[in-house]
Amino acid sequence: MLRFVAARLMQSLVALAIISVVVFVLARATGDPLYLILPMSASQEDFDNARRYLGLDRPYVEQYFSFVGRAVTGDFGNSLRARRPVSELIRERLPNSLKLAVFAMGVSLAMAFPLGVMAAVRKGTGLDRFAQVVSVLGQSLPTFWVAILLVEFVAGRLQWLPAGGIDGFASYILPGFTLGWFVVAGLMRLLRSGMLEVLDSEYVKLARVKGVGEGRVIWLHALKNALIPVVTFAGIYFAILVTTAIVVETVFAWPGLGRLAYEGISSRDFPVIQAVVLTTAAVVAVVNLCVDCLYALIDPRIRYAR
Amino acid sequence: MPAEPGALALPELDVPAVTSRRALRLPRFPLAVIGLFVLAAVVAPLLGLPDPHAQSLRDRFKPPGWEAAGSWKHPLGTDRLGRDLLSRIVWGSRVSLAAGVVTVLVASAFGAAVGLTAGYYGGRVDAVLMRVTDATMSFPVILLALILAVTVGPSFTNVVTAIAVILWARYARVIRGQVLTLVQLDFVAQARIAGAGAWRIITRHLLPNTFGTLLVLVTLQIGYVIIVEASLSFLGAGIPPPTPAWGSMIAEGRDVVTRAWWVSLFPGLAILLVVLAFNLLGDWLRDTFDPKLRQL
């Protein structure tokens with residue numbers, strides 16, 4: 001198990017390294033960053049001085065390693081717009097994003113589990129068909145559009161819930177459900193098909209023959225194995241959640257990383273975008289690592305497969 | 001990352017015999033919707049619609065034709081600059097459909113190539129390629145597009161590139177899983193005995209057997225790409241204005257939903273309809289031709 005964790009950790013580090021190279025290359029490939037920093041009236045001499053001061057006259061490889069070195073210690077430079085260290089902005093926004101993501105994940109699990117399992121148990125009934133409608137709609141509705149409509153009708157016209165910002169539990173409800181909706185569809189699909197397969201297997205039949213109660217058979221014996229595909233995709237769903245969060249946070253004026261990224265684009269604030277991308281990639285990598293370790297714990301076959 | 005569960009199952013090599021008429025019943029709703037939008041996108045210049053870029057400040061925020069203040073000159077109303085919404089939605093379908101189809105084709109071609117290579121050669125080649133695939137798969141698409149938009153500037157090409165650069169990994173994973181089981185079957189061994197080289201076996205024997213899976217994946221992913229493209233345009237990192245794109249149209253209507261709900265509502269409905277149609281068609285294709293894939 002320890003070997004597995006070590007190998008997976010290495011993989012995550014390699015993935016992060018690749019992403020940091022991409023970010024670095026894109027930053028350099030698109031022209032001199034000095035044009036973004038210095039005023040239009042800067043002279044050639046100003047350029048030379050700034051270049052030396054920022055270390056941009058040194059070889060690219062050296063620049064890359066000093067960039068990584070600073071990024072690892074949390075130093076991403078200053079925001080071009082806010083004129084503050086980017087790391088401060090990240091430290092302010094990241095907890096808000098994580099809170100929303102955890103809430104949304106909780107909402108989707110709470111909805112997907114009963115619906116997915118019962119759809120498989122009562123296959124072909126009205127409940128099953130309802131679950132399928134939820135699932136296909138969840139994958140077809142553009143999140144940002146739903147978010148705008150919710151803000152207008154539930155928050156605006158009906159005044160039931162706050163339209164944006166963080167102000168107590170009520171403000172979590174709309175963004176949390178909007179964000180969780182897409183994930184519910186995917187999770188439910190996986191659970192339903194996993195359960196259908198497992199319910200048909202010999203060991204479930206044996207449990208029934210032995211006189212185990214139907215509730216125990218479904219929620220204990222069958223669900224345990226039906227969970228395996230769900231765990232497989234949990235990492236991917238988390239990456240999707242993070243991506244969707246950018247849009248949802250923008251519409252609900254949620255002071256998180258996603259909104260920071262949006263503000264970064266509209267003002268072409270490259271240091272901010274760079275920091276958001278690397279932070280998000282790191283969060284996704286950590287979550288994937290945890291998911292895979294969990295996966296190896298549940299299903300011992302994985303540990304030996306590679 | 002662990003393998004995709006559906007991909008490990010034995011592939012269905014022979015197309016299942018269609019015995020009942022029921023099985024052959026085509027999904028009418030998805031085909032009709034997709035057909036309608038594709039047709040509208042192709043013949044958009046011939047439809048006699050108003051110019052989607054023509055501004056008319058006197059006609060700003062005209063409601064749809066059936067509303068009291070609306071007129072049938074603009075059936076779905078007009079936006080902030082008095083541009084005809086119906087016309088913009090029709091022209092916008094060109095952007096959305098093109099982005100969806102081009103991205104998915106590029107991604108599937110590259111992904112299938114990687115999957116076939118990894119599955120056929122196995123060993124170290126497989127290990128390296130799959131590590132890269134896993135790393136790619138866990139990278140949020142929108143973030144890459146954001147970097148591209150800020151560094152290179154938003155454009156159609158950048159959107160397609162950003163999505164395709166991530167999306168191929170799905171194809172590589174699934175196709176590789178299928179090839180792993182295919183290469184153990186007798187017909188591959190026979191081809192080898194007959195003297196076929198790696199290139200011939202991959203292109204003539206393995207690739208055709210993965211077409212069914214590819215078709216299902218492609219259909220299911222077009223909808224996903226359309227949503228991602230719209231999200232990017234909504235954020236201002238997608239197709240730049242004034243080109244009509246559904247995502248940016250929704251964004252333009254966002255601040256005026258209270259007094260001009262139609263500006264955001266109709267482009268959103270268009271996205272919903274098209275994506276729903278592609279998802280339903282993909283589900284149908286999968287259930288009919290490749291039931292083993294049902295977890296995708």
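Trainee: At what angle do helix H5 and helix H11 of chain A pack?

Mentor: In this predicted model, helix H5 (residues 86–121) and helix H11 (residues 257–266) of chain A pack at about 130°, with their axes 7 Å apart. Axes here are lines fitted to C-alpha atoms, for helices over the stretch in contact, and angles run from 0 to 180 degrees between N-to-C directions. Helices are DSSP runs (H or I, at least four residues), numbered from the N terminus.

Trainee: What do you call that arrangement?

Mentor: H5(A) is oblique to H11(A) because of that angle. Under 35 degrees counts as roughly parallel, over 145 as roughly antiparallel, 65 to 115 as roughly perpendicular, and the rest as oblique.

Trainee: Which residues meet there?

Mentor: From H5(A), A:Leu89, A:Arg93, A:Leu94 and A:Ser97 meet A:Leu257, A:Gly258 and A:Leu260 of H11(A). Contact means C-beta atoms, placed from the backbone, within 7 Å. By class, that's four nonpolar, two polar and one charged residues. Ala, Val, Leu, Ile, Met, Phe, Trp, Tyr, Cys and Pro count as nonpolar, Asp, Glu, Lys and Arg as charged, and the others, Gly among them, as polar.

Trainee: Switching topic: where does helix H8 of chain A bend?

Mentor: At A:Trp181, by about 35°. The bend is the angle between axes fitted to the seven residues ending there and the seven starting there.

Trainee: And how many of the H8(A) residues are buried?

Mentor: 26 of 30, so H8(A) is mostly covered; buried means 20 or more other C-beta atoms within 10 Å of a residue's own (12 or fewer is exposed, in between is partly exposed), with C-beta atoms placed from the backbone.

Trainee: What about B:Val225, buried or exposed?

Mentor: Buried, because 25 other C-beta atoms lie within 10 Å. B:Val225 is in helix H9 of chain B and touches B:Ala99, B:Gly100, B:Thr103, B:Val104 and B:Ile163, leaving out residues up to four places away in sequence.

Trainee: Last one: how many residues of chain B are in contact with chain A?

Mentor: 41, and they contact 47 residues of chain A. The chain B side has 27 nonpolar, ten polar and four charged residues.

Terms used: Residues are numbered from 1 along each chain as its sequence is written. Chains are lettered from A and ligands numbered from 1 in the order in which they are written. This is a predicted model: local features need pLDDT of at least 70, side-chain atom pairs count only at pLDDT 80 or more; totals for chains, interfaces and linings use all residues. Two residues are in contact if their C-beta atoms, placed from the backbone, lie within 7 Å. Helices (H or I, at least four residues) and strands (E, at least two) are DSSP runs, numbered from the N terminus.
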